Amino acid sequence: MFTTTLWRLTSHDPLHNLAFERFLFDSLGQKEAALLMWRNSPAVMVGRAQNPWYEANTEFLHSHHIPLFRRISGGGTVYHDLGNLNFTFMASKPYFSRDLPITIARDALQSLGFKVYADPRRSIFLQHNGSAFKITGSAIRETLTHGLLHGTILVDADLAMLHEALRAHDPHVHVNGIPSVPSPVTNLPNVTIDAVQTTVHEHFAAHMKREGVVMYRTAHADDYAHQLRPHLRTQRSWEWNYGRTPHFSYRNGAISADIRHGIITESSVANIVGKRYSPRLMAGPR
């Protein structure tokens with residue numbers, strides 16, 4: 001019998017929530033699906049094959065104590081805060097569908113009276129005052145046996161902070177990874193995040209009940225501590241968040257460098273070879 005578990009995560013710690021998502025994805029059985037809904041304190045998430053120094057304003061993040069994490073999925077870079085509702089749908093194959101979770105989220109928002117539509121990239125746009133604004137982006141991770149799609153819904157996010165955190169694209173950085181595709185964004189107007197979460201949750205439950213059994217679970221910050229430990233260790237490491245960056249180069253006048261796994265391997269400035277790349281280092285190498 002096909003079983004779906006609807007999870008509500010009470011922690012706002014992005015490190016915990018990413019680790020829990022990884023743990024659940026790795027432990028998902030056959031004929032199983034899960035929906036996770038949660039919110040994070042401020043953080044930036046880059047895609048699995050992206051360059052954080054190109055996608056995010058890392059110096060701004062550092063000065064404002066905003067962490068950056070690399071996801072297990074592809075897709076673009078996003079900013080999270082408590083005004084941003086996150087959802088993850090995962091399922092064993094052949095039950096996993098790339099389009100299903102976005103369709104359900106879109107239908108839920110339409111039921112609240114919003115004029116929204118999904119595009120072929122599985123983003124959701126709000127039609128507002130004659131223009132279209134992105135409110136939902138999504139990313140996918142698939143293995144031979146399972147699939148995962150997670151997305152965001154902008155409800156009451158700090159858009160000024162979002163734009164500043166993602167204001168990067170250093171012209172001196174030449175990337176081989178997959179760059180984000182920027183779009184104008186906005187928040188959903190005149191609605192609470194609790195109302196959006198309840199409605200999206202209800203729509204997923206109604207759909208999955210037609211497939212089989214639906215169970216409801218809540219996970220708190222201290223739950224599953226033993227199971228989460230290896231995922232927490234990986235997810236917080238510099239080697240994962242920055243060291244997994246695809247090979248890229250830096251060119252600024254007479255200063256040049258090649259960077260592999262986040263480490264400067266060749267440079268016109270000899271004494272920075274072997275060091276971890278950072279914009280601050282490149283701004284004044286000696």
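Predicted model: local features only at pLDDT ≥ 70, side-chain atom pairs only at ≥ 80, totals over all residues.
Student: Does Met215 count as buried, partly exposed or exposed, and why?
Tutor: Buried means under 20% relative accessible area and exposed means over 50%, with partly exposed in between. Met215 comes in at 39% relative accessibility, so the label is partly exposed.

Student: On to the inside: which residues have the most contacts within the largest nonpolar core?
Tutor: That core has 33 residues. Strand E2 (32-38), strand E6 (84-92), H4, strand E8 (124-128), strand E11 (146-154) and helix H6 (193-209) each give two or more residues to this core. Those with the most contacts inside the core are Phe87, Phe89, Ile153, Leu188 and Val196.

Student: What does Leu100 touch, leaving out residues up to four places away in sequence?
Tutor: Leu100 is part of helix H4, and it's among the buried residues there. Phe89 has Leu100 in its own contact list, along with residues including Phe96 and Pro101. For Leu100, the contacts are Phe89 and His207.

Student: How far apart are the end C-alpha atoms of helix H4, and what should the helix span?
Tutor: H4 covers residues 100-111, which is 12 residues. At 1.5 Å a residue, the helix should therefore span 16 Å, and the model agrees: the end C-alpha atoms are apart by 17 Å.

Technical notes: Residues numbered from 1 in each chain as written. Heavy atoms only, no water. Helix = DSSP H or I, 4+ residues; strand = E, 2+ residues; numbered from the N terminus. Expected span 1.5 Å × (residues − 1). Buried < 20%, exposed > 50% of the residue type's maximum accessible area, 1.4 Å probe, protein only. Contact = heavy atoms within 4.5 Å. Core = buried A, V, L, I, M, F, W, Y, C linked by side-chain atoms within 4.5 Å.
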